[in-house]
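Subject: Structure for your review

Hello,

Here is the structure I said I would pass on. My notes on it follow below.

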Amino acid sequence: MRTNLPDYIKEAARTPYIAYNGIELISYSDGFCNGRIKIESHHKNLHGSVHGGCVYSLADTIASYAAMTEGTVVTTLNSAFNYLHPAVDTEYLYCEGKIIKSGKTVTVVRVELFDDNKKLLADGSFSCYNLRQR
């Protein structure tokens, strides 16, 4: 990890979309980021589980910040994402992202999402395009 990276925890907290959705970065290190979202009623669908778009937003955010530990600014190119279990009866959703390939133009990040009991709810991989160095 580059030592001159911005404080991504503060940066994420003042990013409008991330703040609006209640996504929090917990920590980041070389090739890794984790975060969470406190589940509120507006995050749920008509069936009482967390909306898939909310789950995906958390995963995309964490994947991007994991990729940015390489000292780049990124945007998501594509992803392969698996919803394994509905997110119900949990106060938080947690996500961990880890770089599995870092290239000159593309960084690939694997993510896993868990509930309060550490049950794996979703996983996937994100390809992030490296726009520029920070």
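L77, Y129 and L131 make up a nonpolar patch on the surface of this predicted model. Their accessible area together is about 280 Å². One of the three, L131, lies in strand 6, which covers residues 120-133.

Leaving out residues up to four places away in sequence, G22 touches R36, I37 and K38. Between G22 and H43 there are 9.7 Å in space, C-alpha to C-alpha, and the two are 21 residues apart in sequence.

As for the whole protein, there are 3 helices and 6 strands, in the order α-α-β-β-α-β-β-β-β from the N terminus. The radius of gyration is 14 Å, close to the 14 Å from the globule rule for 134 residues, so the protein is as compact as a globular protein of that length. The C-alpha trace spans about 45 × 30 × 25 Å along its principal axes.

Of the 134 residues, 43% are buried. Among contacts with a separation of 6 or more, 62% are between residues 24 or more positions apart. The accessible surface of the protein is about 7,200 Å², and carbon and sulfur atoms hold 51% of that surface.

Regards

Conventions:
Residues numbered from 1 in each chain as written. Predicted model: local features only at pLDDT ≥ 70, side-chain atom pairs only at ≥ 80, totals over all residues. Heavy atoms only, no water. Patch = residues over 30% accessible without salt bridge, like charges linked within 9 Å, V, L, I, M, F, W, Y side chains within 5 Å. Areas by Shrake-Rupley, 256 points an atom, 1.4 Å probe, with all protein chains shown as cover. Salt bridge = Lys/Arg side-chain N within 4 Å of Asp/Glu carboxyl O. Helix = DSSP H or I, 4+ residues; strand = E, 2+ residues; numbered from the N terminus. Contact = heavy atoms within 4.5 Å. Rg over C-alpha atoms; globule rule 2.2 N^0.38 Å. Buried < 20%, exposed > 50% of the residue type's maximum accessible area, 1.4 Å probe, protein only.
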